[in-house]
Amino acid sequence: MSPKSRKARASVLRRKLHELEGQREGCLKELLELRDLFAASLSTVYRTCGKPSCACTRGQLHGPYYFLSIQSAGRNDRYHVSKEIAQRMQPALERYRTFILGLRQLRSLDRQVENHVRRLQRVCETRSIKSFTT
Ligand SMILES: [Zn+2]
């Protein structure tokens, strides 16, 4: 690669890196603004009761029953909760889901930033990392 094309390539990478850093900052800011999270998930279950004459044997299942799953220390505990509690918890559970998705996005942006820094290092070869990330 000629010095001129190397310089142009470095410029494109620098711009993209700057853009990625902006996205990362925005993502991080959104994550830090999330409050009142509940680290759990809610599921609904419909069941049969076992009585031979019940409508559930013909497909009209009982329920929904609400279960809250909480993971801690490698265990997954499941608790039956009332419909009212399930509804009241819903917003905090959704914020937690948003938080997890945001974390995934942040990790993806981190990998992209890292990737671009590496490419920029290859293009700039002898320069120090400081001189082309600023
Ligand atoms: Zn039944």
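Colleague: In this predicted model, which residue in β2 does Ser41 stand opposite?

Modeller: Ser41 faces Ser69, a residue of β2. Such a position is read as part of the pairing of two strands. Here β1 (residues 41–47) and β2 (residues 62–72) pair over six bridges, in the antiparallel sense.

Colleague: How do side chains point in a regular strand?

Modeller: In a regular strand they alternate between the two faces of the sheet.

Colleague: How many of the seven residues of β1 are buried?

Modeller: The count is zero, and β1 is hardly covered. For the chain, 4% of the 134 residues count as buried.

Colleague: What separates the C-alpha atoms of His18 and Gly63?

Modeller: They are 52 Å apart, while along the chain the two residues are 45 residues apart.

Colleague: In what order do the elements of the chain run?

Modeller: One reads from the N terminus on, and the order is α-β-β-β-α-α. That comprises three helices and three strands.

Colleague: What radius of gyration does the chain have?

Modeller: One sets the value beside that of a compact globule. For 134 residues such a globule would have a radius of gyration near 14 Å, whereas the chain has 25 Å. Along its principal axes, the C-alpha trace spans about 85 × 30 × 25 Å.

How values were computed. Residues numbered from 1 in each chain as written. Predicted model: local features only at pLDDT ≥ 70, side-chain atom pairs only at ≥ 80, totals over all residues. Buried ≥ 20, exposed ≤ 12 C-beta atoms within 10 Å, placed from the backbone. Helix = DSSP H or I, 4+ residues; strand = E, 2+ residues; numbered from the N terminus. Pairing = 2+ DSSP bridges. Rg over C-alpha atoms; globule rule 2.2 N^0.38 Å.
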